[in-house]
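Hello,

Here is the structure for you to look over. My notes follow below it.

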Amino acid sequence: MTQDERLDFLIEVFRAEFKEYEKLCVPADRDGKRQLLRGLMNVRMPGPMSAEVLAVQDAYLRERAEEKGIIGFQDIPVIRDGLSVWQGDITLLAVDAIVNAANSAMLGCFVPGHNCIDNCIQTYAGVQMRAECDRQMKLLKQEYGQSYVQPTAIPLLTDGYNLPAKKVVHIVGPVVTGPLTQKHRTELAACYTNTLDLCMREGLKSLAFCCISTGVFHFPNEAAAEIAVNTVRGWQETHGNAMERIIFNVFKNEDKKYYETLMR
């Protein structure tokens, strides 16, 4: 199959799962088709999929990553002490683990084509990631009750599937709905500490953090960057060279400026 043939095949398969989308008009152009496929993947609930379809999806997503350009941590300069700042698409980083700013349901973003990091990571990992998150959450609900949601700053680890990263750490950051409090600060610092502790336990040596809580969770960007850098540095002082490389992945120019200033 060519990449265009995979795209057409996957659109038809995913569209057929939704009765309301059976007659949905498919765009003629490639970019339009890509957006449609992403939207269909985003709204799909976790569930089984045939090995044939998964094989086509996996081939499609891996070639898309190759097309966009996979980045190894060796390609990113170190600023100091094994720490780096990199501005770009976290789904292209070939590291041991990347961090996903998740919501407490831990199933990803269901808004078609939404540009949040949770949506991007779940899309380009493939449907297997949402299914794994669902399996893990069901086990937790069996233990803690059906109303269980993932607490703030408690990481959940999954495979990376079709991402260049081997693993993904899903973590819920604090939500800021009013003035920034000490509790918000403490919870955000715990997100970084608990993620690093998990990676150390799992033998993961290279990690890319996103800017946890600074998007729709409204944590002020500059304060978040300061907490991130100070917390990671403090963890390094305690744990030495447990991590080979830690990358602060940023999307906005504003965040890039904050991190680079803090790490001089």
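**Helices and sheet**

Helix α5 (residues 127-144) lies across β5 and β6 and runs at about 140 degrees to β5. Helices (H or I, at least four residues) and strands (E, at least two) are DSSP runs, numbered from the N terminus. Contact means heavy atoms within 4.5 Å. Axes are lines fitted to C-alpha atoms, for helices over the stretch in contact, with angles from 0 to 180 degrees between N-to-C directions.

The model is predicted: local features need pLDDT of at least 70, side-chain atom pairs count only at pLDDT 80 or more, and totals for chains, interfaces and linings use all residues. Residues are numbered from 1 along each chain as its sequence is written, and side-chain values use heavy atoms, with hydrogens and water left out.

Helix α4 (residues 117-125) lies across β4 (97-101) and β6 (167-171). Its angle to β4 is about 130 degrees.

Now the sheet. It is open, with 6 strands in the order β2-β8-β7-β4-β6-β5 and mixed pairing. Strands pair if DSSP finds at least two bridges between them. β2 (83-87) and β5 (156-159) are the edge strands, each pairing on one side only. The twist averages 25 degrees from one strand to the next. β2 pairs with β8 (residues 245-250) in the parallel sense, over 5 bridges. There, S84 has I247 of β8 as its bridge partner.

Last, helix α6 (residues 182-202). Just after α6, G203 takes a positive phi of about 75 degrees.

Best wishes
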